[in-house]
Amino acid sequence: MDIRVETKGLPEVDADALAIVGFEGGPPESAPASGQVKELYDSGEFSGKSAEIAILHRPSGLKAKRLVLAGGGKHERFDAGEMRKLAGTVLRSLKCKGVRSIVLALPDRFQSDHFTAAATEGAILADFEPHHHKTDPQKDEKQVQSFAVLGGSQGAADQGRILGESQNFTRGLVNEPGNLLTPTRLAERAREMAAEQGLECEVIDENRMRQLGMGAILGVSQGSAEPPALIILRYRPASAASQDHLGLVGKGVTFDTGGISIKPAESMDKMRYDMAGGGAVIGAMRAIAQLKPPITVTGIIPSVENMPGSRAQRPGDIVKTLSGKTVEVLNTDAEGRMILIDALTYAQRLGCTHLVDAATLTGAIVVALGNVHAGAFSNNDVFLEKLLTASKIAGEKMWHMPLDEEYKEPLKSDFADLHNIGGRPAGAVTAAMFLRDFVNDVPWVHLDIAGSAWIDDLKPYIAKGASGIGMRTLVHLALNFQN
Ligand code: BES
Ligand code: MN
Ligand code: ZN
């Protein structure tokens with residue numbers, strides 16, 4: 001799909017569809033074909049609620065073949081997030097009708113680059129379909145050839161395109177089933193991406209992990225026939241604005257059966273998305289390679305398959321982690337935190353001065369926040385603020401969750417330095433406390449994306465499956481790091 005910014009007047013726009021935003025309460029003041037638009041409002045056929053779409057053919061006084069009225073909701077509540085959804089809804093509802101060229105006019109008072117980027121992202125995210133494994137290669141699938149935004153700059157549209165395409169790259173990885181996307185395959189995909197984008201990629205294999213002493217990652221992966229991989233992606237700016245070095249760590253469990261502490265069969269298929277944090281980091285590195293922020297960024301993705309094979313670790317096993325600390329594995333299904341602690345330790349050895357990890361870590365965060373917000377935990381208020389600001393710019397919902405010494409109590413072990421579960425109360429917090437023990441004093445944010453990384457409900461603006469959550473926030477964090 002070709003992405004452009006146009007500067008024509010509305011009547012001059014030559015496209016299959018010209019889309020304008022209609023808010024609740026009445027037609028836009030300067031609407032083209034204003035008589036027809038007013039009729040739509042008056043008849044109640046269109047009221048401006050978000051996700052509403054009305055289509056007028058051969059609108060009077062316009063070159064465009066169709067005028068599409070897209071609901072923007074309440075004017076005072078409109079923001080870039082609504083813009084993203086609206087652009088997505090426009091794209092998805094017109095695509096299935098065979099419309100090939102769309103021009104979306106930004107509404108008055110929302111004519112800024114921020115909205116141009118959001119509209120572009122929304123259209124690109126909406127264009128993504130997770131059906132490449134179907135044997136009928138969707139011969140007759142309808143394609144939108146070009147999407148243009150009326151308003152803002154081409155630079156903003158280009159940034160939106162890079163973010164949207166990178167997020168779709170993440171979503172493609174996350175949707176892949178466990179048989180096709182093993183840790184080895186994930187590493188290959190990261191390597192291919194790095195070669196295309198001019199990043200350095202290094203993969204630490206099982207032997208090297210043994211030499212280094214990554215007992216936590218090895219313990220999880222030993223139950224699987226698939227070898228583990230620790231994927232390192234490096235971005236170095238041409239000229240750095242500071243000595244800061246951002247480390248992005250992503251949980252890359254390509255399939256989580258739970259191991260010997262096995263999960264119930266129901267919905268286990270979804271545990272393919274247990275590498276969504278790793279996918280978000282790989283996608284973020286892809287965008288960072290193109291947007292070139294003036295800061296050193298390293299992506300670190302520990303990848304394993306959590307299986308109950310005959311060599312699998314047992315509940316009660318004690319492993320020695322890369323940090324030197326020992327952990328008693330009381331539940332093999334709490335594997336994400338195990339692989340993350342070795343990766344977080346390794347990130348510190350690589351010299352990272354700031355760390356963010358993204359992980360589908362706990363079912364408890366789904367209980368706490370549903371599939372709306374991701375949970376954000378941190379040991380550093382200043383850095384957390386920076387991350388939450390980035391999440392607002394990105395339009396990804398994140399909520400500050402607590403950390404406190406008192407939550408550490410249930411992690412104390414009689415046999416090792418600590419054990420890997422904290423019981424049912426505050427499960428997402430005790431998981432974060434477990435990680436905190438391994439980041440020392442490095443400013444760090446942990447994002448628990450278990451609830452927000454997968455879309456189960458049918459939405460008008462995006463396909464079901466992987467959401468790609470976290471990826472845009474990580475990129476905006478890197479872009480705005482010096483502010
Ligand atoms: N990958 C899961 C967490 C998860 C749950 C992700 C639901 C997405 C949706 C994680 O590895 C896990 O199994 N966590 C356990 C931890 C428990 C054993 C302490 C959980 O949340 O049940
Ligand atoms: Mn698990
Ligand atoms: Zn898991």
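Aspartate 256 and glutamate 335 are both buried. Keep in mind that this is a predicted model. Now, where do these two residues sit? Aspartate 256 is in strand E10, residues 252-256. Glutamate 335 is in the loop between strand E13 and helix H9.

Start with the manganese ion, ligand 2. Its donors come from Asp256, Asp333 and Glu335, at 2.0 to 2.2 Å. Asp333 gives both its O and its OD. Along the sequence, the spacing reads D-x76-D-x1-E. Aspartate 256 and glutamate 335 are 79 residues apart in sequence, so the pair ties together separate parts of the chain. What about the geometry? The manganese ion has 6 donor atoms, with angles of 69 to 166°, and the site is irregular.

Next, the zinc ion, ligand 3. Which residues hold the zinc ion? The protein donors are Lys251 through NZ, Asp256 and Asp274 through OD, and Glu335 through OE. They lie 2.0 to 2.4 Å from the zinc ion. This site is octahedral, with angles of 78 to 175° among its 6 donor atoms. The donor spacing here is K-x4-D-x17-D-x60-E. Lysine 251 lies in the loop between strands E9 and E10, and glutamate 335 in the one between E13 and H9, so this pair ties together parts that are 84 residues apart in sequence. Lysine 251 is buried too, like glutamate 335.

Last point: how far apart are the two ions? The zinc ion and the manganese ion are 3.1 Å apart. Aspartate 256 coordinates both.

Notes
Residues are numbered from 1 along each chain as its sequence is written. Chains are lettered from A and ligands numbered from 1 in the order in which they are written. This is a predicted model: local features need pLDDT of at least 70, side-chain atom pairs count only at pLDDT 80 or more; totals for chains, interfaces and linings use all residues. Side-chain values use heavy atoms; hydrogens and water are left out. Donors are N, O and S atoms within 2.8 Å of the metal (3.2 Å for Na, K and Ca); water is not among the atoms, so sites may look incomplete. Four donors count as tetrahedral if all angles lie between 85 and 135 degrees; four count as square planar and six as octahedral if opposite donors are over 155 degrees apart and all others between 65 and 115; anything else is irregular. Helices (H or I, at least four residues) and strands (E, at least two) are DSSP runs, numbered from the N terminus. Buried means under 20% relative accessible area, exposed over 50%, partly exposed in between (1.4 Å probe, protein chains only).
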